[in-house]
Amino acid sequence: MISTTLVQEISQLHADFCSALADSTRLILLYALADGPRNVTELTQELGQPQPTISRHLKNLRDRGLVIATRQGMMVQYSLADVRVIDALDILRSIMRDSIQKRASLIEVV
């Protein structure tokens with residue numbers, strides 16, 4: 001039987017993290033921040049996207065507790081709230097690669 005606690009945690013996980021991770025730009029932002037704190041200008045240049053787009057995605061990640069914003073003078077530096085999010089993303093990417101390879105091998109057999 002599925003516990004009430006599990007159901008509540010999954011609901012919270014979906015509300016907080018899954019929706020934040022449902023956009024590839026936000027995933028790339030997390031990986032960029034895994035290399036160290038950056039400001040919006042640096043992230044805009046690195047990702048090649050407009051500043052309003054990057055700011056909007058950072059706000060989404062910040063609102064869900066995945067990144068931290070720290071004011072340093074006139075600039076705001078963004079960093080990962082918890083580096084384990086990268087470990088989780090790496091595991092998901094590994095599962096995805098294995099799934100793709102498995103499907104490709106099935107196609108080759110046919």
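Predicted model: local features only at pLDDT ≥ 70, side-chain atom pairs only at ≥ 80, totals over all residues.
Colleague: Where is Thr 44 found, and is Thr 44 buried or exposed?

Modeller: You'll find Thr 44 in helix 3. With a relative accessibility of 17%, Thr 44 counts as buried, because the cut-off for buried is under 20%.

Colleague: Now the helix pair around that residue. How do the axes of helix 3 and helix 4 cross?

Modeller: The axes of helix 3 (residues 40-47) and helix 4 come within 9 Å, crossing at roughly 115°. That makes helix 3 roughly perpendicular to helix 4, since angles of 65 to 115 degrees go by that name. As for the hand, this crossing is right-handed.

Colleague: Which residues make the contact of helix 3 and helix 4?

Modeller: From helix 3 come Val 40, Leu 43, Thr 44 and Leu 47, and from helix 4 come Gln 51, Ile 54, Ser 55 and Leu 58. Sorted by class, the contact of helix 3 with helix 4 has 5 nonpolar and 3 polar residues, and no charged ones.

Colleague: Leu 58 turns up there. How should I read that residue?

Modeller: Leu 58 sits in helix 4 (residues 51-63). At 0% relative accessibility, Leu 58 counts as buried. Beyond residues up to four places away in sequence, Leu 58 touches Leu 29, Leu 33, Val 40, Leu 43, Val 67 and Tyr 78.

Colleague: How far apart are Leu 58 and Ser 19, in sequence and in space?

Modeller: They are 39 residues apart in sequence, and 13 Å apart in space from C-alpha to C-alpha. Cys 18 belongs to helix 1 (residues 4-18), and at 37% relative accessibility Cys 18 counts as partly exposed.

Colleague: Back to helix 4. At what angle do helix 2 and helix 4 pack?

Modeller: Helix 2 and helix 4 pack at about 80°, and their axes are 10 Å apart. That makes helix 2 roughly perpendicular to helix 4. The helix 2 side of the contact is Thr 25, Arg 26, Leu 29, Leu 30 and Leu 33, while helix 4 brings Ile 54, His 57, Leu 58, Asn 60 and Leu 61. By class, the contact of helix 2 with helix 4 has 6 nonpolar, 3 polar and 1 charged residues.

Colleague: On to the sheet. What should I look for, and in which order do the 3 strands run?

Modeller: The general idea is that strands of a sheet pair through backbone hydrogen bonds, either parallel or antiparallel. Here 3 strands form an open sheet in the order 1-3-2, with antiparallel pairing. Strand 1 and strand 2 are the edge strands, each pairing on one side only.

Colleague: Over how many bridges do strand 2 and strand 3 pair?

Modeller: Strand 2 (residues 67-72) pairs with strand 3 over 6 bridges, in the antiparallel sense.

Colleague: Last one: which helix lies across strand 1, strand 2 and strand 3?

Modeller: That's helix 2 (residues 24-34), which runs at about 95° to strand 3. When you inspect the sheet's faces, remember that in a regular strand the side chains alternate between the two faces.

How values were computed. Residues numbered from 1 in each chain as written. Heavy atoms only, no water. Pairing = 2+ DSSP bridges. Helix = DSSP H or I, 4+ residues; strand = E, 2+ residues; numbered from the N terminus. Contact = heavy atoms within 4.5 Å. Axes fitted to C-alpha atoms, helices over the stretch in contact; angles between N-to-C directions. Buried < 20%, exposed > 50% of the residue type's maximum accessible area, 1.4 Å probe, protein only. Parallel < 35°, antiparallel > 145°, perpendicular 65-115°, else oblique. Left-handed = near helix turned anticlockwise from the far one by under 90°. Nonpolar A, V, L, I, M, F, W, Y, C, P; charged D, E, K, R; others polar.
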